[in-house]
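Thanks for coming. I will keep this short and go through a few local features. Please have the structure up while I talk.

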Amino acid sequence: SAIFNFQSLLTVILLLICTCAYIRSLAPSILDKNKTGLLGIFWKCARIGERKSPYVAVCCVVMAFSILFIQ
């Protein structure tokens, strides 16, 4: 049901990016061996989380603010 609600979809995408970046920081070999194919999505999310971390962090803060105070 997160596909039909835009805010829920953004929440899922942000959580996926943050989770993949955190897993790659702990154990990089898990995500680095699967750079292509279906599991390559997780490697790409980890790269987005690493390279665009200030923007991802701002998006996470805005998302948390909107969930806590707007909904």
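Cysteine 18 comes out as partly exposed, because its relative accessibility is 31%. Keep in mind that this is a predicted model.

Searching the whole structure gives zero disulfides.

Then there is cysteine 45. Is cysteine 45 buried or exposed? Its relative accessibility is 9%, so cysteine 45 counts as buried.

Next, helix 4. This helix runs over residues 53-70, which is 18 residues. From first C-alpha to last, helix 4 reaches 25 Å, close to the 26 Å expected at 1.5 Å a residue.

Which residues of helix 4 are buried? They are Val56, Met63 and Ser66. Looking down the axis of helix 4, these buried residues fall within an arc of 90°, so they line one face. As a reminder, an α-helix has 3.6 residues a turn, so residues three or four places apart point the same way. The packing partners of the buried residues in helix 4 are helix 1, residues 6-26, and helix 3, residues 40-51. On the face of helix 4 turned away from the buried side sit the exposed residues Pro54, Val58, Val61, Leu68 and Phe69.

Take serine 66 from the buried set. Serine 66 lies in helix 4 and has a relative accessible area of 13%, so it is buried. Its side chain makes a polar contact with the side chain of glutamine 7, at 3.1 Å. If we leave aside neighbours within four places in sequence, serine 66 is in contact with Gln7 and Gln71.

Last item, the aromatics. The count is one aromatic pair. The rings are those of phenylalanine 65 and phenylalanine 69, with centres 5.0 Å apart and planes at 50°, so the pair is tilted. Both residues are in helix 4, and because they are four residues apart, about one helical turn separates them. Phenylalanine 65 has 49% relative accessibility and therefore counts as partly exposed, while phenylalanine 69, at 60%, counts as exposed.

That is the end of my list.

Methods
Residues are numbered from 1 along each chain as its sequence is written. This is a predicted model: local features need pLDDT of at least 70, side-chain atom pairs count only at pLDDT 80 or more; totals for chains, interfaces and linings use all residues. Side-chain values use heavy atoms; hydrogens and water are left out. Helices (H or I, at least four residues) and strands (E, at least two) are DSSP runs, numbered from the N terminus. The expected span of a helix is 1.5 Å times one less than its number of residues. Buried means under 20% relative accessible area, exposed over 50%, partly exposed in between (1.4 Å probe, protein chains only). The arc is that of the directions from the helix axis to the C-beta atoms. Contact means heavy atoms within 4.5 Å. A disulfide is a pair of cysteine sulfur atoms within 2.5 Å. Rings of Phe, Tyr and Trp (its six-membered ring) pair if their centres lie within 6.5 Å; planes under 30 degrees apart count as stacked, over 60 as edge-to-face and the rest as tilted. A polar contact is a pair of N or O atoms within 3.5 Å; within protein, one must be able to donate a hydrogen and the other to accept it, and residues adjacent in sequence count only if both atoms are side-chain atoms.
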